[in-house]
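Me: I would like to learn how to read the main features of a model such as this one, step by step. Could we go through them together with the coordinates in view?

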Amino acid sequence: MKESINKGILKFEKINQAILKLEDFLLGYIIVFMAILLVLNVFFRSVLNNSLSFAEELGGFLMVVVTFWGISTAARFSKHINMNAIVDNVPKKIRKAMLVIISGFTSLVMFYMTSVFVRYAMDNMKVGRISTALELPMWILQSIVAVGVFLTAVQYLICFIRNLTTPDVYLGSEVKAGEGLALIYEAEFKEFVSEEMKAERKEEEADAP
């Protein structure tokens with residue numbers, strides 16, 4: 001039983017890492033393409049006096065894709081804006097309990113939002129709504145958004161499971177909690193000590209004959 005569970009976990013980890021590579025690849029190339037599209041549009045508008053009619057709409061679509069697929073990567077590495085003043089300064093058991101609640105609740109919200117976007121995409125598919133310039137079916141863009149939100153929900157679910165099943169405290173599915181403000185205080189103390197030593201050396205050099 002344990003062996004089958006471990007094999008399942010390993011397979012899931014491989015899938016999760018494959019998703020990360022796919023996200024990095026797509027997001028990287030989409031951002032490069034957006035930059036090229038922007039430069040081309042400026043050239044056509046400023047030099048040829050004939051801007052690309054589809055550039056703004058396509059750029060907006062790509063921005064939506066980058067945003068909603070990027071939140072999955074941000075959740076994986078705990079790069080979202082966090083209020084850690086309390087979490088970083090409570091005992092480990094309380095911190096772990098708080099992160100279990102936060103990650104579990106956020107995962108549920110993201111799964112619910114996935115269902116909302118899926119229903120919205122299906123409604124747009126039924127009415128045949130298309131974009132203005134490119135005349136692309138809007139349900140395609142909304143489906144991409146739904147996939148991004150779903151992947152975010154999965155990352156928070158992984159974080160929830162890891163906080164429940166391991167002794168470590170996970171801020172994200174790939175990031176363990178550090179020592180919080182203790183690391184900052186330690187760095188400031190070392191800097192203070194080093195500055196104090198420099199001042200003492202200067203005094204000794206000044207007093208030396």
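Me: What percentage of the 209 residues in the chain do buried residues make up?

Reply: Buried residues make up 30% of the 209 residues, where buried means under 20% relative accessible area, exposed means over 50% and partly exposed lies in between, with a 1.4 Å probe and protein chains only. This is a predicted model, in which local features need pLDDT of at least 70 and side-chain atom pairs count only at pLDDT 80 or more, while totals for chains, interfaces and linings use all residues. Residues are numbered from 1 along each chain as its sequence is written, and side-chain values use heavy atoms, with hydrogens and water left out.

Me: How many helices and strands does the chain have, and what pattern does the chain follow along the sequence?

Reply: There are five helices and two strands, and reading along the sequence gives the pattern α-α-α-α-β-β-α. Helices (H or I, at least four residues) and strands (E, at least two) are DSSP runs, numbered from the N terminus.

Me: At what angle do helix H3 and helix H4 pack, and how far apart are their axes?

Reply: In general, two packed helices are described by the angle between their axes and the distance between the axes. Here H3 (residues 92-127) and H4 (residues 138-165) pack at about 160 degrees, with their axes 8 Å apart; the axes are lines fitted to C-alpha atoms, for helices over the stretch in contact, and angles run from 0 to 180 degrees between N-to-C directions. That angle makes H3 roughly antiparallel to H4, since angles under 35 degrees count as roughly parallel, over 145 as roughly antiparallel, 65 to 115 as roughly perpendicular and the rest as oblique. The residues of this contact divide into 23 nonpolar, ten polar and two charged, with Ala, Val, Leu, Ile, Met, Phe, Trp, Tyr, Cys and Pro counted as nonpolar, Asp, Glu, Lys and Arg as charged, and the others, Gly among them, as polar.

Me: Is the crossing of H3 and H4 left-handed or right-handed?

Reply: The crossing of these two helices is left-handed, a term used if the near helix is turned anticlockwise from the far one by less than a right angle, whereas clockwise gives right-handed.

Me: How far does H3 reach from its first C-alpha to its last, and which residue follows H3?

Reply: With 36 residues, H3 reaches 52 Å, close to the 52 Å expected at 1.5 Å a residue; the expected span is 1.5 Å times one less than the number of residues. The residue that follows H3 is Gly128, which has a positive phi near 70 degrees. A positive phi also occurs at Ser78, about 55 degrees, although Ser78 is not a glycine. Ser78 has its place in the loop between H2 and H3, and at 19% relative accessibility Ser78 counts as buried.

Me: How many aromatic pairs does a search of the whole structure find?

Reply: A pair of aromatic rings is described by the distance of the centres and the angle of the planes. The search finds four pairs, where rings of Phe, Tyr and Trp (its six-membered ring) pair if their centres lie within 6.5 Å, and planes under 30 degrees apart count as stacked, over 60 as edge-to-face and the rest as tilted. One of them joins Phe68 and Phe117, whose ring centres are 6.0 Å apart and whose planes stand at 75 degrees, so this pair is edge-to-face. Because Phe68 lies in helix H2 (residues 55-76) and Phe117 in helix H3, the pair ties together parts that are 49 residues apart in sequence. Phe68 counts as partly exposed, at 26% relative accessibility.

Me: What geometry does the aromatic pair of Phe111 and Phe150 have?

Reply: Phe111 and Phe150 are also paired edge-to-face, at 5.9 Å centre to centre and with 65 degrees between the planes. Phe111 lies in H3 and Phe150 in H4, so this pair ties together parts that are 39 residues apart in sequence. Phe111 is partly exposed at 30% relative accessible area, and Phe150 is partly exposed at 39%.

Me: Is Ala153 buried or exposed?

Reply: Ala153, which is found in helix H4, counts as buried at 0% relative accessibility. From C-alpha to C-alpha, Ala153 and Ala75 are 8.8 Å apart in space and 78 residues apart in sequence.
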